[in-house]
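Work through the exercises below with the coordinates open. Try each task before reading its solution.

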Amino acid sequence: MLDSNKDSLKLEAMKRIVAMIARGKNASDLFPAVVKNVACKNIEVKKLVYVYLVRYAEEQQDLALLSISTFQRGLKDPNQLIRASALRVLSSIRVTIIVPIMMLAIKEAASDMSPYVRKTAAHAIPKLYSLDPEQKDQLIEVIEKLLADKTTLVAGSVVMAFEEVCPERIDLIHKNYRKLCNLLIDVEEWGQVVIINMLTRYARTQFLNPNMNESLLEEGNDKTFYGSDDDEDEEEEEEKKSEAPMPKRKPYVMDPDHRLLLRNTKPLLQSRNAAVVMAVAQLYFHLAPKVEVGVIAKALVRLLRSHSEVQYVVLQNVASMTIKRRGMFEPYLKSFYIRSTDPTQIKVLKLEVLTNLANETNISTILREFQTYIKSMDKDFVAATIQAIGRCATNIGEVRDTCLNGLVQLLSNRDELVVAESVVVIKKLLQMQPEKHSDIIKHMAKLTDNIQVPMARASILWLIGEYCEHVPKIAPDVLRKMAKSFTNEEDIVKLQIINLAAKLYLTNSKQTKLLTQYVLNLAKYDQNYDIRDRARFIRQLIVPTEKSGALSKYAKKLFLALKPAPVLESPFKDRDHFQLGSLSHLLNAKAGGYQELPDWPEAAPDPSVRNVEVKDSVQEVRTTGEGRISLLGEWREVFTLLERVATLTSVPEWTKCSSREKRKEKKVEKPFYSDSEGESGPTESADSESDSASGSEIGSGVVGSVSGTASEESEEGSESEEEEEEEEEDEKDKKMTMKKELKKPVQESESEQSSEEEEERKHERKKSKARKSDSESESDEDEDSESESSQSESEDSESEAEVKKKKKAAQSKPPSKPVKKESKKEMSLLDLDDFEPAPSPQVTPLNSFLSNSLATDLEGLSLSDAVLSPATLSPCSALKSYELLHRIRGEGLSVEYCFSRQPFSPDANMVAVQMQFTNNATSETKNLHMEEVKLQSGMRVKEFPEIELLPAGETATAVMGIDFCDSTQAANFQLCTHTRKFFVSIQPPVGELMRPVFLTENEFKKEQGQLMGMNELSEKLTLDAECRNEHAIVQRVTAAANLSRVPCGSDRECRFAGRTVTSGSLVLATVATKEEAAAQLTVNCEKMVIGTMLVKDVLLALTQ
Amino acid sequence: MIHSLFLINHSGDIFLEKHWKSVISHSVCDYFFEAKEKAVDPEDVPPVLQTPHHYLITVHRGKLFFLSVVQTEVPPLFVIEFLHRVADTFQDYFGECSESVIKDNVVTVYELLEEMLDNGFPLATESNVLKELIRPPTILRSVVNTLTGSSNVGDTLPTGQLSTIPWRRADVKYTNNEAYFDVIEEIDAILDKSGTTVFAEIQGVIEASVRLTGMPDLTLSFMNPRLLDDVSFHPCVRFKRWESERTLSFIPPDGNFTLMNYHVSSQNPVAIPVYVKQSISFFESGPCGRLDITIGPKQTMGKTVEALMVKIHMPKAVLSANLTATQGNYTYDLPNKVLVWDIGKLNPQKLPNLKGILSLQAGAPKPEDNPSLNIDLRIQQVAISGLKVSRLEMFGEKYKPFKGVKYVTKAGKFQFKCAALYEPFLLSFWTILFFYFTTF
């Protein structure tokens, strides 16, 4: 049929052949007939021929060569898929003669236009390497080239090739490290696993151990914090200490690249792919500082709901982890409870984990759980449970006796296996403290009549022999019985009988001499040579004859020496020297090709090797066009925000500015751009290559306008320095072009028009301002339009825009203000480089900043209602600012912050912190941004946008958001300039953790009624002399806490209400004045801690 | 990475093999058969086995073993996860993943495997991409194929691998644009005899069936996302949007897929929809035992409990059951010793009851432990955790899709322990044991 002309017949024939191959039947005879069809036009026939060819080419090398030319032709095909598949098959044919052809093909494909073909080339590398390892050097070159590739499609495959061909060439990774970290989230899941595993190894060689300082610290501190860690942990700590005896080490600072890796892998814990989750988990386990490792526990516990094979592997790894870090899994104890439907191997592993997790506090729960397991029908599992109880008993002294008693009860179980296992475990336990338990031994001696399991019998005999002094009466009797049944016993029991006899002979020779003789005689003629040997040996040793030498004198010492108690320990101890999640770890044996996880280096290697020359990358970005994804990645965040805003407010303001307009257009064109944040970007698309020019235009439009609005985008976690640099470069470039556009408006009609429009708009505004400059409310209205526009620009840039606005407001108030300057100001909105310092109007512009901007109104927050009561606004003037960085410590840079009490628009759960940077130094400061945010769990921070340039003597303001989780824990972070880093921390007064809400009197009473009892705190106080009128009280209270006044019928009472920012729990405060200066303060709050702190603060405010 | 794959059925026949590198002989599977012999239950075969030259990694799915051979270090989960993905793909293509189906479609299976792995490294595992490369068989097409001899391999070259979004195929067109989401929650619980919850949690999954034209960009938001404690997503979901806004934003794959899995935070108490009154006892004298079970509704959120089913794994000694059920019917599967009582709808007015005699094997010792009850149920139109989808928005396309959300609550691993004779959690651990062993 294969020779037929009809494709359908050929297909039918090929299907049959493939079915034969699938069943493992030999079809190699047909090789010549099949190979002819390699050039067949029909795609399916062709595919099946490929399948056949790959399978049999190795056996029929000569004939296989016939097909090579077809593939070579395929490699030149214009269709990328044909090129790829030709390469795939060509490289899969294991024929050594074609190695040079393959090499050539791979090299060519590695620089192919299509990422898909490049991916195939990456796949082909290990194939060629396994065929001919001598090509290694050339292949490494190809790998190096492909590693530099910026598409997510290629990254996973090339790292896989790297791992197979040259895992030792870690130096190849340096330049690509940051890129890999950033691409990681977009790589397909299988690639993620490989990359994460590789990066774990890489990080181990390049960064310092984040936990090394902790071990030093721990010495001094008391150990309550690490109380959950067990002794092993401390031992290990000690080991570490001895390894790195550097007591005066400078405080550990995590390498930003190390942090980058941890940050970028964390979201992958949410992957649906168990392998990815496991890879991240092991990465965290091996690389993260102790306090951060906890995050992986939840994800791992989640995997326990997956297929049983997945459970099996995960539990093995969890078992290893629990030995080192028990505390991590303690909250999830119940997830490891065993169900009767679990397969036995899972049950046993869960038991292992439960045992590892057992400590003084939870042991009773665990034992109770074990108790139910003992009655399971699955006897292997019951045996394992008994062993687990034994281990709990040895590890936790308090429950040893209880466990032992329980196990003794089990001795009367009807199931032999259970009894036998208990005996074995009891034996081990008794060895630890034999004196106390002679009655148990007696009890066990009785059992010899019933128990048939050899191991158990042997254990009992051994116990009796060992502790025959405790049971002097019973022991000989037991020996008598045993001697009777000696011939019918199992070998292991026989040996113990001999043992027992010997021991008894030594201690109690009067009663047992004859018995021993008898037993030894029986043993002498036993079938098993071990037993015969043992008998002979013992006879010589214990029975004194004239021949026996010095040894027999020491017989007693030999036999009755004190034996150390066995240590019952987890089989998973010490397994973690294998990389978790690896095959080697699972088998506890080194698998072929396993790469050892290196120890942390003593000193960090030079981090600068990871720096990438900016120019190169920029160029690359331009030339390949595909690399642009990384750049665009930067802006994803912006886009999302933009789009969100755009959808919220379909504002006509867009038309005001050409660049904005442009941006919007583009956005409409390519909606995917705007929210590609989590996914692989659009630039991978095949067509993007062609229109890279327009793409960069998009970029420029966006970059220009965004940078124009002065929002140096707050970098999200995924952005690396490398890309930042890139971005800056680009930005500058783009700014240049923007500038040109603006300066020569004739060139482009659009921009001309827009600048005209702009002018017009300005004029209009000017007029309106001039007209209404004195009236507060109207200027408000004006601000309205502005704030709206700033809103639509980007929420992030809002703060900046507001600063501008503020300035403008300040400037527009003096009536003599020249229009020129104003327009220049406007320019500055678009071009930072042209920014000229205004005559420092922003020394203390906080009030104007706080003046109820309409931006908040737009969001429809309840604050706008609260505004109705005039009392809330007045105390704003009392806003305190705190020092974040003193100018001496900051080498000229001083930073103050205050809680602006504005809702933080990107995230309503955050407290807005307004920071004011003043550069008191003589030189300019660049790149002000924050890094390394260290937070208590649950807290979050939205970083302020980077301040690119702060000239000497200038002041700038930025707003950041912090979610304090309703606690007064400080948020620690580093403030970085282009030269220095400063550790700073922001600690909120409790009053700033809330936002005002508007309640009516009735609502207030109702809510207060619900917050009685423990939630109510009241305190008597004497009011300060200056604060005896209502107005003063309101002012003081609102200054201390961000609450709003609640209208109240009585004039003796002032009421305030607010909600905590994060959890939204209600905070109510009442100040009731009495005669003279006496007053009573009542605070009702669900969160008692907050309530107490608030009482303290308000009290202070009122009495001072 | 993955060297070879063998498909093995329950009786131990290798009925399909595929090698990605050089050929490995069948005999390597002997180590597996050895391990399988030892294990009582197929579930108990260790998933990873070591042989002198290879490592065998096996998964067990629907009475089949997928056995893969690896030679070098590889994360075991990587292989396991992949093998499950293969099985999922078969299921997706052929409707089920069984020996007969695979044998019938051996060529398609082979082609699939060829596409899914290249040199042992996963290549295309997204079903949307695979379906473009190899069309799934349908009855109509198989008829047409046999008549015309045309193939089930895609004629046009796929674009999937090259499109911007690897999981969605390009140029999707539908006349009816629909997006359906099923919120399915399962209650995993262990309850003791007195009905006290020992352990309870809710696992949820959102299954989506999206048939939308073009490149829609969907945003799904919840009324109460705080309920969700631990989530895992289909790769299409944008992590960052979830982190910042707690909404699911994604460009969906075409067709059916699992959008997310979640776990409801353990702080919220779990509503247990039914209660069980039961007594199972065996007598020392005479080969019999007595069984009496009543089920009633507890917290059902005002909905009816449907498809109620009770499964009891009886001790080995139980020979037969002679019971009467007031509702539904029961079967006793003798070889597996499983008693199944299929109740159906739970009527709160007339509680279903199952009562009768269990006869034991003559001479066999009385079973020590009473069996536990596994309960299966279903409640339509309610997600027991209270999770609600607030809205679904679509961007990027102009048409108006038809949207729908369905809620279902099911029992997952829902177990009533029947500890014998006493209330175990009132007495302390060892006194019970003592009591237990002295009574007999």
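A contact means heavy atoms within 4.5 Å. This is a predicted model: local features need pLDDT of at least 70, side-chain atom pairs count only at pLDDT 80 or more, and totals for chains, interfaces and linings use all residues. Residues are numbered from 1 along each chain as its sequence is written.

**Exercise 1.** Find what share of the contacts in chain B with a separation of 6 or more comes from residues 24 or more positions apart.

Solution. Residues 24 or more positions apart account for 68% of these contacts in chain B. Next, burial: 57% of the 440 residues of chain B count as buried (under 20% relative accessible area; exposed is over 50%, partly exposed in between; 1.4 Å probe, protein chains only).

**Exercise 2.** Determine which residues of α8(A) are buried.

Solution. Start with the helix: α8 of chain A spans residues 136-147. Leu139(A), Ile140(A), Val142(A), Ile143(A), Leu146(A) and Leu147(A) are buried in α8(A). They cover an arc of only 160° around the axis (taken from the directions from the helix axis to the C-beta atoms), so they lie on the same side of α8(A). Asp137(A) and Glu141(A), on the other side of α8(A), are exposed. The partners of the buried residues include α6 (99-110) and α7 (115-131) of chain A.

**Exercise 3.** Describe how α3 of chain A packs on α4 of chain B.

Solution. The angle is about 70°, and the axes are 11 Å apart. That makes α3(A) roughly perpendicular to α4(B) (65 to 115 degrees). In α3(A), Glu44(A), Lys47(A), Leu48(A) and Val51(A) meet residues of α4(B), among them Val107(B) and Tyr110(B).

Methods. Chains are lettered from A and ligands numbered from 1 in the order in which they are written. Side-chain values use heavy atoms; hydrogens and water are left out. Helices (H or I, at least four residues) and strands (E, at least two) are DSSP runs, numbered from the N terminus. The expected span of a helix is 1.5 Å times one less than its number of residues. Axes are lines fitted to C-alpha atoms, for helices over the stretch in contact, and angles run from 0 to 180 degrees between N-to-C directions. Angles under 35 degrees count as roughly parallel, over 145 as roughly antiparallel, 65 to 115 as roughly perpendicular and the rest as oblique.
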